[in-house]
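Trainee: Could we go through this structure together? I would like to begin with the core and then turn to the strands and loops.

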Amino acid sequence: MRWTVALGTEFDESAFEAALAGFRRLYNVAPERVLCAPDVLGRFSALMGRSADDAMRREMRYDGVPVVSAILSPGTIVFEGEVDEERMGDW
């Protein structure tokens, strides 16, 4: 499953957390990884107290989920994960 969120370029940690919580709420599972446009990954790295260059050199994680760079539109993130229809509920 892929779920795309437009965070923009000036998001804060609470906006990132809200997007992650939205995926969990919608699919009742944590994502396996988060793909980020390069600008989003740089901003994420800066928010987490690291330099933007760290995001390109080492593995980043948020709440145990890998956060990686991908070719996406600026300001965009994509949550990826396997969704078990049994755990999603009856909607």
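**Core, strands and loops**

Mentor: The largest nonpolar core has 21 residues, and those with the most contacts inside it are L7, F16, V34, F44, V67, I77 and F79. A nonpolar core here is a set of buried Ala, Val, Leu, Ile, Met, Phe, Trp, Tyr and Cys residues joined through side-chain atoms within 4.5 Å. Buried means under 20% relative accessible area, exposed means over 50%, and partly exposed lies in between, with a 1.4 Å probe and protein chains only.

Trainee: Which elements give two or more residues to this core?

Mentor: They are α1 (13-27), β2, α2 (38-47), β3 (60-62), β4 (65-69) and β5. The largest share, five residues, comes from α1. Helices (H or I, at least four residues) and strands (E, at least two) are DSSP runs, numbered from the N terminus.

Trainee: Before we go on, what sort of model is this, and how are residues numbered?

Mentor: It is a predicted model, in which local features need pLDDT of at least 70 and side-chain atom pairs count only at pLDDT 80 or more, while totals for chains, interfaces and linings use all residues. Residues are numbered from 1 along each chain as its sequence is written, and side-chain values use heavy atoms, with hydrogens and water left out.

Trainee: Back to the core, then. What is F44 in contact with, leaving aside its neighbours within four places in sequence?

Mentor: F44 is in contact with F11, F16, M60, R61, Y62 and V67. Contact means heavy atoms within 4.5 Å.

Trainee: And in what order do the elements run from the N terminus on?

Mentor: The order is β-α-β-α-α-β-β-β-α, which comprises four helices and five strands. Among contacts in the chain with a separation of 6 or more, 75% are between residues 24 or more positions apart.

Trainee: Is strand β5 enclosed or open?

Mentor: Five of the five residues of β5 (residues 76-80) are buried, so the strand is largely enclosed by the rest of the structure. T76, V78 and E80 point one way from β5, and I77 and F79 the other way. In a regular strand the side chains alternate between the two faces of the sheet.

Trainee: Which strands pair with β5?

Mentor: Strand β1 (residues 2-6) pairs with β5 in the antiparallel sense over five bridges, and R2 stands opposite E80. Strand β2 (residues 33-36) also pairs with β5 in the antiparallel sense, over four bridges, and C36 stands opposite I77. Two strands pair if DSSP finds at least two bridges between them.

Trainee: Changing topic, which residue has a positive phi of about 60° although it is not a glycine?

Mentor: That is N28, in the loop between α1 and β2. N28 is partly exposed, with a relative accessible area of 40%. D63 likewise has a positive phi, of about 55°, and is not a glycine. Most residues other than glycine have a negative phi.

Trainee: Where does D63 lie, and is it buried or exposed?

Mentor: D63 is in the loop between β3 and β4, and at 51% relative accessibility it counts as exposed. G64 lies in the loop between β3 and β4 and is exposed, with a relative accessible area of 53%. The C-alpha atoms of G64 and E32 are separated by 9.2 Å, with the two residues 32 apart along the chain.

Trainee: Finally, what percentage of the 91 residues is buried?

Mentor: Buried residues make up 40% of the chain.
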